[in-house]
Amino acid sequence: MIELLTQLYKGHLLADRYMAGETLGAAERAALSELVEECRLRLFDISWLMRCLNEHLTHKVNEEDRCKGKFFEGRFNSQALLDEGALLTCMSYVYLNPIRASMATTLEDLDFTSIQERINNYRQNDKIDSSTQQNTTGSTKLSPLMRSKGNEHLTGIDFDEVDYFKLVEWTGRVIRDDKKGAIPAELSFIVISLN
């Protein structure tokens, strides 16, 4: 744990001395023990994790851009997703961020997203078999939106995959005054390209 502490948080004199093999007195060992316990508690603290990520990203971005300032606008927050509708809304929001920022124009352009992988798999297999669902490289498996258990029970989000593609695309076509981009109206719908 002390080795992890020195990797995560530089500049703890007692931890550095202990790792160098120096003998510590009783008071120093007690202080080091408190420091280790504090570090252990921080490993379970989402606020502390976000603080560390923010600090690291800010240093990197400011170094690259040769500027000063915060990377994130404000504190993170947590929103409970209480039903399938909320989960689908959140998933659509995340996927559409590059489109809203005019960094992409179609769902197929959304690199490194699971919706792009789902579309590619759908095209590749014509219809994805939920037991063999995987991306084009075969390295990870995507959970199906809906999975049958036996004859009656369904698990997951009770939403057809093609309907999900339509939902995200229709949402992406909505033009908003407060956003730069949207899926252009002249482009054909995804369901047409998927047959």
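**Ground rules.** I number residues from 1 along each chain as its sequence is written, and side-chain values use heavy atoms, with hydrogens and water left out. Because the model is predicted, local features need pLDDT of at least 70 and side-chain atom pairs count only at pLDDT 80 or more, while totals for chains, interfaces and linings use all residues.

**Aromatic pairs.** I looked up ring pairs and found 2 (rings of Phe, Tyr and Trp, the latter by its six-membered ring, with centres within 6.5 Å; planes under 30 degrees apart are stacked, over 60 edge-to-face, the rest tilted). I noted both Tyr95 and Tyr164 as buried (under 20% relative accessible area; exposed is over 50%, partly exposed in between, with a 1.4 Å probe and protein chains only).

Tyr122 and Phe165 are also edge-to-face, at 6.1 Å and 90 degrees. Here Tyr122 sits in helix 6 (residues 114-125) and Phe165 in helix 7, 43 residues apart. Tyr122 and Phe165 are both buried.

**Salt bridges.** How many salt bridges does the structure hold? I get 10 (a side-chain nitrogen of Lys or Arg within 4 Å of a carboxyl oxygen of Asp or Glu). One of them joins Arg118 and Glu161 at 3.2 Å, N to O. Arg118 is in helix 6 and Glu161 in helix 7, so the bridge ties together parts 43 residues apart in sequence. Is Arg118 buried or exposed? Arg118 is buried, at 6% relative accessible area, and Glu161 is buried at 13%.

Next I checked Glu37 and Arg40, whose closest N and O atoms are 3.2 Å apart. Both lie in helix 3 (residues 26-42), 3 residues apart, about one turn of the helix. Glu37 is partly exposed at 37%, as is Arg40 at 34%. I also logged a salt-bridge network that links Arg17, Glu22 and Glu28.

**Charges over rings.** The charged end of Arg42 sits over the ring of Trp48, 3.7 Å from its centre (CZ of Arg or NZ of Lys within 6 Å of the ring centre and within 35 degrees of the ring normal). Arg173 lies over the face of Phe189, 3.9 Å from the ring centre.

Note on methods:
Helix = DSSP H or I, 4+ residues; strand = E, 2+ residues; numbered from the N terminus.
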